[in-house]
Amino acid sequence: VVDSALGGVLFVDEAYTLVSDDGKDTFGREALDTLIKLVEDHRSDLVVVLAGYSLEMATLLATNPGLHSRFPTVIEFEDYTVDELLEIADHMLVQDVMVLSQDAGERLRGVFQALTERGVVSRVDGNGRAVRNILERAKRRQAVRLQSA
């Protein structure tokens, strides 16, 4: 995988899963150690981005003292706002040739507002993923209603 990324970027999403909490995952630790060596060997030829939730990534960085020096830049992304979640929903619906009624849009705004206020979006549903899950659940319910009509 690293060889194919040479001259470009290697993006490792949910990088914290490489090392288990109990430290017994030798395969993940070996993969991380190998990645660290390859990052060092190809410093001028490779950009590696490790992505994941902030708390879990901090734990990952703490598992190996060499990680902090090899990945010194940390970029935090804020969760989507309610308006941004609605925009994502509208975009997803347009792709399915669907549009929310005004009432449905207001109800969806309320759902997103409740999620963001509780902080549930970022931790449980991955923020943008919450939109997809909610819309898919609504489409399944619509299909059942249409089928039984």
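1. A residue is called buried under 20% relative accessible area, exposed over 50% and partly exposed in between (1.4 Å probe, protein chains only). At 34% relative accessibility, E40 therefore counts as partly exposed.

2. The model is predicted: local features need pLDDT of at least 70 and side-chain atom pairs count only at pLDDT 80 or more, while totals for chains, interfaces and linings use all residues. Residues are numbered from 1 along each chain as its sequence is written, and side-chain values use heavy atoms, with hydrogens and water left out.

3. Eight helices and two strands make up the elements of the chain; these are DSSP runs, with helices (H or I) of at least four residues and strands (E) of at least two, numbered from the N terminus. Their order from the N terminus is α-β-α-β-α-α-α-α-α-α.

4. Salt bridges (a side-chain nitrogen of Lys or Arg within 4 Å of a carboxyl oxygen of Asp or Glu) number five by this rule. E40 pairs with R70, with the closest N and O atoms 3.1 Å apart. This pair links distant parts of the chain, since E40 belongs to helix α2 and R70 to helix α4 (residues 65–70), 30 residues apart. R70 is partly exposed, at 30% relative accessibility.

5. D96 and K139 also form a salt bridge (2.2 Å, N to O). D96 sits in the loop between α5 (82–95) and α6 (102–118) and K139 in helix α8 (residues 128–148), so the pair ties together parts 43 residues apart in sequence. Relative accessible area is 38% for D96 and 27% for K139.
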